[in-house]
Amino acid sequence: MPRHTPVGWPPTSRRDLMVKSLWILVWLVFLSSPVEDLAGGHHSTAATVAGSCGLAVFVGVYLTMVFRNIGRPFSRGVVLGLGGILGILAPVLAYTLGSAWLGLFVYLAVAFGATLPLRAAYWAIPASALVMYLIGMRSAEKEARGLVVLVVLIGFAMTGVGQLVRTTIELRKARATVAQLAANEERLRLARDLHDLLGHSLSLITLKSELAGRMLPGHPEQAARQVADIEQVSRQALVDVREAVTGYRRPRLAAELAGAQAALAAAGVVAEVPHDPGLTGVPEEAESALAWALREAVTNVVRHSGADRCAVRLSRHETLDGPVLELTVEDNGSGGPGKGPGNGLTGLTERLHKAGGTLRAGRVRQGFRLVARVPAAPLTDVGSGA
């Protein structure tokens, strides 16, 4: 944890409050001249009382405007209103009470530089220095001439501090937004993984449970094999869920092809599934995306389509954007209920998009077809022929 509160953050402990208070008191050193002028008895009682009240109001407005605005910015109207009060009090007090009050213009320049927009500050700071010099010509031109440079330099230096504080606040907000987006993305990833994993595994468990129930009276040995398969699928589903939760789940296409063959066979669907996926040179992320696509497609065939035939094909194509690996899953079923894409296809589209791929799914004349494409590395390098 940081040992002090960063710039632009409100104090979070007593120590931070003391540090910021001491920093404020250092900046109040220029008030020593007005205070000494009031305590020295150089003015009438009415002027002394009026000057004391005016100084108290000036300091209160200044602290409110600068230090409150830096941590939690006021609206533009409030900033302009407070700046207007300071812009009136500083010339009036300096003009009526003498050159000892010219130091108030330093605070005026600090307030303008720290709180006003840059374009307004670039005009307000030189204007305040000019007003101070014109007032100082009446009583102490030499002192006013020396303060002009100080007012301008401190004012423009505070524009940089104000920009730093505003940038810090914006970065803090941006960091909070990025953290929220990362959390949302992680929730979406987990939802996609659990949907794809559990949908496939639970469908297979349901099918094998039904088979075991039908076989149990007359074929106990076959029913026992189905129950053993159910146990194996449930154990694998538990492993997959744990990997998905920890973020390490990357399915392999060869394993998904074997699983698709088993799931389709258990559902009584005649399957055409390639045995060798031919993944030489295919990036791991692209292979993982196709494996998820195959799992989702086979799950939909088993659960929704009512098909009795399903063909899975893998092929490579050369396109203008480079070589691609294409997975096609086509069945002769109805495509399932619903008029729009479900959660599975929506999540699958997002997965493929992250891998630089595309998804097309819809009814064809004799069933339903899903086509997933991902970029693949070229099989061979083509030379220049020189």
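1. Over residues 79-98, what share of the chain is helix, what share is strand, and how far apart are the end C-alpha atoms? The stretch is 95% helix and 0% strand, with 28 Å between its end C-alpha atoms. Bear in mind here and below that the model is predicted.

2. For residues 147-165, the model has 100% helix and 0% strand, and the end C-alpha atoms lie 26 Å apart.

3. Some totals for the protein chain. It has 386 residues, of which 39% count as buried. The chain contains 11 helices and five strands. Its accessible surface is about 21700 Å², and carbon and sulfur atoms account for 62% of that. Taking contacts between residues at least 6 apart in sequence, 68% link residues that are at least 24 apart.

4. Helix α2 spans residues 32-39, and its buried residues include P34, D37 and L38. These three lie on the same side of α2, because the arc they cover around the axis is only 95°. E36 and A39 are exposed and sit on the face of α2 turned away from the buried side. After α2 comes G41, with a positive phi near 70°.

5. The largest nonpolar core has 41 residues, and the members that touch the most others are L86, W101, L102, L104 and F105. At least two residues of this core come from each of α3 (45-71), α4 (76-97), α5 (104-115), α6 (118-139) and α7 (141-215). The biggest contribution is that of α5, at 10 residues.

6. Which residues does W101 touch, leaving out those up to four places away in sequence? They are P34, D37, L38, G51, L55, L93 and A94. Of these, P34, D37 and L38 are the buried residues of α2 named in point 4.

7. Another core lies apart from the largest one. This other core has 38 residues, among them A263, A286, A355 and A376.

Terms used. Residues numbered from 1 in each chain as written. Predicted model: local features only at pLDDT ≥ 70, side-chain atom pairs only at ≥ 80, totals over all residues. Heavy atoms only, no water. Helix = DSSP H or I, 4+ residues; strand = E, 2+ residues; numbered from the N terminus. Buried < 20%, exposed > 50% of the residue type's maximum accessible area, 1.4 Å probe, protein only. Contact = heavy atoms within 4.5 Å. Areas by Shrake-Rupley, 256 points an atom, 1.4 Å probe, with all protein chains shown as cover. Arc of directions from axis to C-beta. Core = buried A, V, L, I, M, F, W, Y, C linked by side-chain atoms within 4.5 Å.
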